[in-house]
Amino acid sequence: MFNKEKINFMQLVVIVTLYIIGPSILFEPSILVSQAKQDAWISTMLGLGIGLLVIQLYSALGNLYPNMTLVEYTEKILGKWLGKTISLLFFIYLMILSASVLRNIGDFITTEFMPETPILAIHILFMSVVIIGTRLGLESVARASEIFFPGVILLFFLIVIAIIPQGNMEQIQPVLENGIKPVLKASTSFIIFPFLELIVFLMIFPFLNQKKDFRKAVSIGAFIGGIVIFIIVALSILVLGPATTERYIYSTYLLSKQINVGDFLTRIEAVLATIWVFSIFIKLTICFYAATLSLSKTLNLKEYSMLTYPLGMILIVLSIIVSPNIIYGLTKLPKVMELYTFTFGLFLPLLLIGVDFCRKKVNRKEIKQVK
């Protein structure tokens, strides 16, 4: 199963783009504006620039062992026991990340659409689809992404074109009123979520048809996704204003409610919800796929599919544990996830590259001495 699954350049671009958009299209405007106010659009550009540099780090790490997943060469570089320990911790991180994404889905749907529906019911239904997608394999998810991606982009541009006339340039003034520090703080948040989360794609690196295309494909996908978030953040500030954007959790959803073209094209917030639901489905499926694959590789199993049902049930329960309510999910959980994501998204790749470089350097010296 592992060796048969292959995805091409364009499929990886599409998956990364939707992965970046994911929860960010709804949450990022409120989060960034709360930190940088009307300068949040600057933070997105800074975060995007540094995020693209992070991808170079991931590409360099993946190219060291192009036919192995992250957990496999972690064990190879750090040794069997330390490597397996870190791989298990990475699996736990992926499960917590998946649980937080699933919780985002439940919170949004029960808040905006079905307030009387138990959130657990939403989680079970959505997770059932994710499990099916994971069991069908990476290729199936990639092909589904390719099919729906043009529609997602078309719907996005429909929203942008319809809302632009309501923008007010005075809303983003004065520029840098509070100095550069809040802008840098917000950009750091944007780098961690979602760019450091791209570490997940090192689990599917071996399944790319042309390994040398990984850097280019992920960079293009991250750039497109980053530009989408930049546009959404900028429009939220221009149309709603910094105060309103900061106050509402789902400010982008509120933004889509403002669309009114000739008293004919109105109330198309369901269009935004469609974009969000599909993009977050892709993100959750990729995270869950990486989690099951990492555990199967760590335990030296031949198949990952046998793990999907038990891990799926655990994930449903975990989604309630990691975030008991929406307030906890917006205040406490992000701080915990920042630490986890920074550790596995930046420190671990640097550690692996550093240790691998030192080991190879020592081996070269030993070979020279023998000669």
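**Note on loops, ring pairs and helix packing**

1. P194 is placed in the loop that runs between α8 and α9. The peptide bond from F193 to this proline is cis, with omega at about 20 degrees. The model is a predicted one, and the points below should be read with that in mind.

2. The loop between α8 (181-192) and α9 (214-240) also holds E197. Its relative accessible area is 4%, under the 20% limit, so E197 counts as buried. Leaving aside residues up to four places away in sequence, E197 is in contact with Y19, Y93, L97, I192, K283 and T341.

3. A cis bond is also found from Q173 to P174, where omega is near -5 degrees. P174 sits in the loop between α7 (138-163) and α8. L176 lies in the loop between α7 and α8 as well, and has a positive phi of about 55 degrees although it is not a glycine. With a relative accessible area of 38%, L176 is partly exposed.

4. N300 is another non-glycine residue with a positive phi, here about 60 degrees. The residue belongs to the loop between α12 and α13. N300 is exposed, because its relative accessible area of 60% is over the 50% limit.

5. The model contains 18 aromatic pairs. One of them is formed by F90 and Y93, whose ring centres are 6.2 Å apart with 35 degrees between the planes, a tilted arrangement. Both residues belong to helix α5 (residues 80-112), where they are 3 residues apart, about one turn of the helix. F90 and Y93 are both buried. Y93 is also among the contacts of E197.

6. For F108 and F113 the ring centres lie 5.6 Å apart; the planes meet at 80 degrees, so this pair is edge-to-face. F108 is buried, at 1% relative accessible area, whereas F113 is partly exposed, at 39%. Both rings belong to a cluster linked by ring pairs, which also takes in F27, Y250, Y253 and W276.

7. How do α6 and α12 pack? On the α6 side the contact is made by F126, M127, V129, V130, I131, G133 and T134; on the α12 side by V277, I280, F281, L284, T285, F288, Y289 and T292. By class, these residues are 11 nonpolar and 4 polar, with no charged residue.

8. α6 also packs against helix α13 (residues 308-322), with axes that come within 10 Å and cross at roughly 150 degrees. That angle is over 145 degrees, so α6 and α13 are roughly antiparallel. This crossing is right-handed. α6 contributes I119, L120, H123, I124, M127, I131, T134 and R135, and α13 contributes T308, Y309, G312, L315, I316, S319 and I320. The contact divides into 9 nonpolar, 5 polar and 1 charged residue.

Note on methods:
Residues are numbered from 1 along each chain as its sequence is written. This is a predicted model: local features need pLDDT of at least 70, side-chain atom pairs count only at pLDDT 80 or more; totals for chains, interfaces and linings use all residues. Side-chain values use heavy atoms; hydrogens and water are left out. Contact means heavy atoms within 4.5 Å. Helices (H or I, at least four residues) and strands (E, at least two) are DSSP runs, numbered from the N terminus. Ala, Val, Leu, Ile, Met, Phe, Trp, Tyr, Cys and Pro count as nonpolar, Asp, Glu, Lys and Arg as charged, and the others, Gly among them, as polar. Rings of Phe, Tyr and Trp (its six-membered ring) pair if their centres lie within 6.5 Å; planes under 30 degrees apart count as stacked, over 60 as edge-to-face and the rest as tilted. Buried means under 20% relative accessible area, exposed over 50%, partly exposed in between (1.4 Å probe, protein chains only). Axes are lines fitted to C-alpha atoms, for helices over the stretch in contact, and angles run from 0 to 180 degrees between N-to-C directions. Angles under 35 degrees count as roughly parallel, over 145 as roughly antiparallel, 65 to 115 as roughly perpendicular and the rest as oblique. A crossing is left-handed if the near helix is turned anticlockwise from the far one by less than a right angle, and right-handed if clockwise.
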